[in-house]
Amino acid sequence: MPTVHLLDYVAGNVRSLVNAINKVGFEVEWVKCPGDLANAERLILPGVGHFGHCLSQLSEGGYLEPIRRHIASGKPFMGICVGLQALFEGSEEDSGVQGLGLIPVRMQKFSTESKSVPHIGWNSAINTKIGSSRDQSFYGLNPNSKYYYVHSYAARYTPGLLEGNGWSVATATYGEEEFIGAIAQENIFATQFHPEKSGQAGLRTISAFLNGHRFQTITAQASPSLEKNNGLTRRIIACLDVRTNDSGDLVVTKGDQYDVREKDGVDTGGQVRNLGKPVDMAKKYYEQGADEVTFLNITSFRNCPVADAPMLEILRRTSETVFVPLTIGGGIKDTIDTDGTQISALDVATMYFKSGADKVSIGSDAVIAAEEFYEAGGKLTGRTAIESISKAYGNQAVVVSVDPKRVYVTRPEDTQHHTIRTKYPNAAGQTFCWYQCTIKGGRESRDLDVRQLAKAVEAMGAGELLLNCIDKDGSNSGFDLELISDVKAAINIPVIASSGAGNPGHFAEVFENTTTDAALGAGMFHRGEYTVSDVKNHLSDSGLLVRKFEEDN
């Protein structure tokens, strides 16, 4: 098989990129030292996280000049995410660090006015030169397709500035800001989005680059349709709770208010509810059009060496066939291995990233860290799992999963916590409540409300908040819209609505009545009552923009 050289400088999940390259018929050779670049015919520079860290790592490793020589020689070069940003002059993210300077533009942070930052999800990459029904697209980009982005800084688009210097440009729009989603000139191709996480549409761009198919004739929609379909889609996430059953096999399960055992003890012996095999179910949801897949490990694996944790193998196998973002939660904390070795949360996260995860989800430890944050007067220690992982891999790699529950009070003055007036009073007629954080799967309550938690973890560097709700879990009655709206008003990072989805209408309801950035489903998918496609078709029929799996093929 033909080869491509890949330069990895601790860039997060590169396993998925390797799998995507293999999928389109190429082998990967790793660049282990600057001298290897002289032998590289095709070179890919992937990246996630901090611009300054990326460029500093490349500079300290002696890679910058060999990269420049590779590009100047006319050999194919592809940059992904921060790999794209490296081509520009510099970035607001670290004004003291210079980029390669091939493109005379500086990266700027997205405005948080009216939108969440980071920009996470599926968005467009539309060739700025498309103006008729048939035109030339570069490297397989299609205006009808959506691509997966995750970043806080972007190159703002100025019409004609780069095109006049021979660059081909494709853009996306986030809020009112139009930015560069992909760019190409001669042997250079770079994407702000992650093609290895962009399903079939992303595989198409990787294949086009590696096979040298720079320009292709495509059938584009008329401009009004392109305008209508441009922008960030509503993101649908399939979540799989994974644990060992009573026979010791890893299975997908689902609880009712966190109880995963069958209720009919006479017939089933109260066994763990078995809904299927994790890898098979993840692939099924990917093929139905899931925008992301989340694995929540709810088994401790206490007697298993960390490096051999079964969830690592699940990620490795899943990433071979599922080309959308994968999140893993459960056990991302400082731990002691079976041989007594201390392993940091960062080391645990690194194992998951190398096995195919794009994000890690932190639960109970985030609540404890938030409590310590307030006890210290709102000062960061730099030692929490959230801080260490986000510093190394970027805040978009860290999701905090919180499990709040309602606590009703007669008056706001009856508690020191933030309350809301609810439309749903309790049996005692109380119309005010606050949302109490819990740990250990909802089994232990803490003196911390969800807004306090949200603000603390945002300050620590979390990039997303997975907002569960114990009161709604397993109810199939819809999301807690009051909870979601309250938390969204308190923070700027994206929020994933979770708990309570029972039918496609519930997804439309949460998107139409809150500003949530994504919505997650579990039981309704696992039981086969509805598919991800059913949800997306319903959202589309309701006038909401979604990514359709079939449109990317």
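These are my notebook entries from a look through this predicted model.

**Ground rules**

I count residues from 1 along each chain as its sequence is written, and for side-chain values I use heavy atoms, with hydrogens and water left out. As the model is predicted, local features need pLDDT of at least 70 and side-chain atom pairs count only at pLDDT 80 or more, while totals for chains, interfaces and linings use all residues.

**Entry 1: the two domains**

I started with the overall layout. The protein is split into domain 1 (3-228) and domain 2 (235-257 + 271-542); the bounds come from an automatic or database domain assignment. Taken over C-alpha atoms, the centres of the two domains are 30 Å apart.

How many residues of domain 1 are in contact with domain 2? I found 28 residues of domain 1 touching 31 residues of domain 2, where contact means heavy atoms within 4.5 Å. The area buried between domain 1 and domain 2 comes to about 2,200 Å², and carbon and sulfur atoms give 55% of it. Buried area here is the accessible area (1.4 Å probe) that two parts lose on being put together, summed over both. Arg15, Ile120 and Lys197 supply 24% of what domain 1 buries against domain 2, more than any other three residues.

**Entry 2: Cys81**

Next I checked the annotated positions. UniProt, in an unreviewed entry, places a "binding site" feature at Cys81. I note that UniProt positions are in the numbering used here, that feature names are shortened, and that annotations may be inferred rather than shown by experiment.

Cys81 sits in the loop between strand E4 (77-80) and helix H4 (82-85). My helices (H or I, at least four residues) and strands (E, at least two) are DSSP runs, numbered from the N terminus. Is Cys81 buried or exposed? Cys81 is buried, with a relative accessible area of 3%. The cut-offs are under 20% relative accessible area for buried, over 50% for exposed, and partly exposed in between (1.4 Å probe, protein chains only). Leaving aside neighbours within four places in sequence, Cys81 is in contact with Gly47, Val150, Thr191, Gln192, Phe193 and His194.

Gly331 is in the loop between strand E19 (326-329) and strand E20 (335-336). I get a relative accessible area of 43% for Gly331, so I put this glycine down as partly exposed.

Asn468 is in the loop between strand E27 (464-467) and helix H14 (481-488). With a relative accessible area of 7%, Asn468 is buried. Which side chains does the side chain of Asn468 make polar contacts with? I found the side chain of Ser401 at 3.0 Å and the side chain of Ser498 at 2.9 Å. A polar contact is a pair of N or O atoms within 3.5 Å; within protein, one must be able to donate a hydrogen and the other to accept it, and residues adjacent in sequence count only if both atoms are side-chain atoms.

**Entry 3: two open sheets**

Then I traced sheets, taking two strands as paired if DSSP finds at least two bridges between them. Ile183 stands opposite Ala190 in E14.

Another open sheet has three strands, ordered E5-E6-E11, again with mixed pairing. Strand E5 (88-91) and strand E11 (153-154) are the edges here, each with a single partner strand, so one side of each lacks a neighbour in the sheet. E5 pairs with strand E6 (residues 103-109) in the parallel sense over three bridges, and Ser91 stands opposite Met107 in E6.

Last, I looked at strand E29 (residues 518-521). Ala518 and Leu520 point one way, Ala519 and Gly521 the other way, and all are buried. Strand E16 (residues 235-244) runs parallel to E29, joined by four bridges, with Ala238 opposite Gly521. Strand E28 (residues 495-497) also pairs with E29 in the parallel sense, over two bridges, and Ala497 stands opposite Ala519.

In helix H8 (residues 278-288), I marked buried residues including Val279, Met281, Tyr285 and Tyr286. Just after H8, Gly289 takes a positive phi of about 105 degrees.
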